[in-house]
Amino acid sequence: MTLRISNLGKHYGDAPVFENVTLTVEPGEFVAIVGESGVGKSTLLNCMAGLDSWDQGTVMHDGIDIGALDGEACALWRRRHVGFVFQAFHVLPHLDVAQNVALPLMLLGQQKDSEGRIVHMLEAVGLPGMGTRLPQTLSGGQLQRVAIARALVHRPALLLADEPTGNLDPTTAAKVMELLIGQTREHGASLVLVTHSESAAAQADRLLHLRADGIAA
Ligand SMILES: Nc1ncnc2c1ncn2[C@@H]1O[C@H](COP(=O)(O)OP(=O)(O)O)[C@@H](O)[C@H]1O
Ligand SMILES: [Mg+2]
């Protein structure tokens, strides 16, 4: 399932956020988006997930024109094929850790026999036995790992992560990168990751630099 972005452009009023972004990410590939604060990295990632709109160009995934899907069809595509790690976690406060991680499986109607998978995911992100904890009892780094377990639990073909290691200590950050890259290499996911971390970017197959003038290189 290849992600193909062609000549993507977006602006707010007269101000371009980005222009002519063209990018292909094959299964098993890892592309890092880098650039200063405010250049549009999060906006571009949101466009890739169909969570934001654009003004020119196309986002295609596995031959599907994401911009042509209506809201419901796009939500369904996202549920099936996308794992998204938000910068601000978006862990749901009223659900415990295991319920948060189980959410994508529940939305896909795959909650049956999901318990073992959730236990495995919590172990993989270094939160073994913490399934019954509520988010308010976790640190920022732990919440980020819950968000990552949730993004990976349904083995999505497209993995989009917005500064997923920004709140983590170096050891935990390295572990999180290992998980995201592992999913990419072993299950043939396409990984697009926004990062300020040089060590994270150094592991990417390719870099996309976003610049303040909207030009990508
Ligand atoms: N709703 C909006 N209206 C106008 N400008 C916006 C809006 N949302 C974001 N922006 C602007 O778009 C630019 C890109 O933002 P963002 O994608 O968050 O950048 P980054 O993730 O690289 O820090 C910023 O200059 C921001 O101020
Ligand atoms: Mg951002």
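Contact here means heavy atoms within 4.5 Å.

A quick word on the ground rules. This is a predicted model, where local features need pLDDT of at least 70 and side-chain atom pairs count only at pLDDT 80 or more, while totals for chains, interfaces and linings use all residues. Residues are numbered from 1 along each chain as its sequence is written, and side-chain values use heavy atoms, with hydrogens and water left out.

**The cores**

A nonpolar core is a set of buried Ala, Val, Leu, Ile, Met, Phe, Trp, Tyr and Cys residues joined through side-chain atoms within 4.5 Å. Buried stands for under 20% relative accessible area, exposed for over 50%, and partly exposed for anything in between (1.4 Å probe, protein chains only). The largest core has 39 residues, and Phe30, Val101, Ile148, Leu180 and Leu193 touch the most other members. Among the elements that each supply at least two residues are β3 (30-34), α5 (140-152), α6 (170-187) and β8 (190-194); α5 gives the most, with seven residues. Helices (H or I, at least four residues) and strands (E, at least two) are DSSP runs, numbered from the N terminus. There's also a second, separate core of 29 residues, including Val21, Val25, Leu44 and Leu45.

**Two helices**

The axes of α5 and α6 come within 11 Å and cross at roughly 5 degrees. Axes are lines fitted to C-alpha atoms, for helices over the stretch in contact, with angles from 0 to 180 degrees between N-to-C directions. The pair is therefore roughly parallel, a label for angles under 35 degrees. On the α5 side the contact uses Arg145, Ile148 and Leu152, and on the α6 side Thr172, Val176, Leu179, Leu180 and Gln183.

**Strand β3**

Five of the five residues of β3 are buried, so the strand is largely enclosed by the rest of the structure. Phe30, Ala32 and Val34 point one way, Val31 and Ile33 the other. Strands pair if DSSP finds at least two bridges between them, and β3 has two such partners, β8 and β9:

**A loop residue**

Val91 lies in the loop between β6 (82-85) and α3, and is buried at a relative accessible area of 14%. Beyond its neighbours within four places in sequence, Val91 contacts Asn100, Pro135, Leu143, Val146, Ala147 and Arg150. Val91 and Pro135 are 44 residues apart in sequence and 7.1 Å apart in space, C-alpha to C-alpha.

How values were computed. Chains lettered and ligands numbered in written order. Parallel < 35°, antiparallel > 145°, perpendicular 65-115°, else oblique.
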